[in-house]
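Have a look at the picture first, then read on.

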Amino acid sequence: GIASGSAVVVPLASESSVALRHGWEVLSEQMVASDTDGNIIRTINWQPAMDAYRHVVGEQVSESLANGADVPEAKRFPFGIRRAGEEPVIRDPLHATEDGSLMVLSGVPSHATMSVMKGDDARLTEAAYELGADVARLEPAGHLLVFDCFSRAMLYGASKRDADLIAMKRAFRDSGLEVPLYGAMASGEICSDGLRYVDFHNKTVAVCSFAA
């Protein structure tokens, strides 16, 4: 069955390392999520969130969120919450509300500093390759557990939905790494090793490498 709001905890008596990349690049100047409520961004820079978002991405993208239209390009302009010394944490816009707010996939802290991001298939798969190269340098490397965001696969389309995994495997091959690979596509990824924020990531690839 389905267990809502639950978690599976698996203790492993082995060392492990984690890594993640997403490939999204900064499009806009820094902005402040000046009023939020969980995953609802009410205002950005103290103006209605949709107005601020529209100013960056244009009418077609913003109106697709307002009308619930299926415009794939609308998914190429997520938000990125700034993190010192790390890649921004991606937040995927879902749709606009009647009061001009924006609903995103996961929570946004009040007064978080963020930017609108952009990305194309080539840059996203390049990031997956770079992640594979990062993983090849991790210790230990007995098994790999990979969580790839389902929304990335949707961007690539049905014929290329494995693009991230193909890029990672190419990086493994180029680095001489041969280890078992497990994982799943998910609607959000968590990647924490006790030294970074425990964040729920969107549109990102996360890997855990652990000893056999």
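This is a predicted model: local features need pLDDT of at least 70, side-chain atom pairs count only at pLDDT 80 or more; totals for chains, interfaces and linings use all residues.

Residues are numbered from 1 along each chain as its sequence is written, and side-chain values use heavy atoms, with hydrogens and water left out.

**The whole chain**

The chain has five helices and 16 strands; these are DSSP runs numbered from the N terminus, with helices (H or I) of at least four residues and strands (E) of at least two. Its radius of gyration, taken over C-alpha atoms, is 18 Å, close to the 17 Å that the globule rule gives for 212 residues, so the chain is as compact as a globular protein of that length. That rule is 2.2 Å times the number of residues to the power 0.38. The C-alpha trace spans about 50 × 40 × 35 Å along its principal axes. Of the 212 residues, 46% count as buried (buried means under 20% relative accessible area, exposed over 50%, partly exposed in between, with a 1.4 Å probe and protein chains only).

**The largest pocket**

Here a pocket is an open set of points on a 1 Å grid over the protein atoms alone, where a 1.4 Å probe fits, with protein on both sides within 12 Å along at least five of seven lines; lining residues have an atom within 4 Å of a point. The largest one holds about 920 Å³ of space, a volume being the space filled by probe spheres set on the points, which are joined across faces, edges and corners. Its lining has 25 residues, and V8, V10, L145, F147 and I190 lie nearest the centre. Strand β16 gives the largest share of that lining, four residues.

**A hairpin**

Strands β7 (residues 79-83) and β8 (residues 86-91) run antiparallel and are joined by four bridges; two strands pair if DSSP finds at least two bridges between them. I81 has V89 as its bridge partner in β8. Two residues sit between the strands, and G85 in the turn has a positive phi of about 75°.

Most residues other than glycine have a negative phi.

| Residue | Phi | Relative accessibility |
|---|---|---|
| N45 | about 55° | 35%, partly exposed |
| K203 | about 50° | 1%, buried |

N45 is in the loop between β5 and β6, and K203 is in the loop between β15 and β16.
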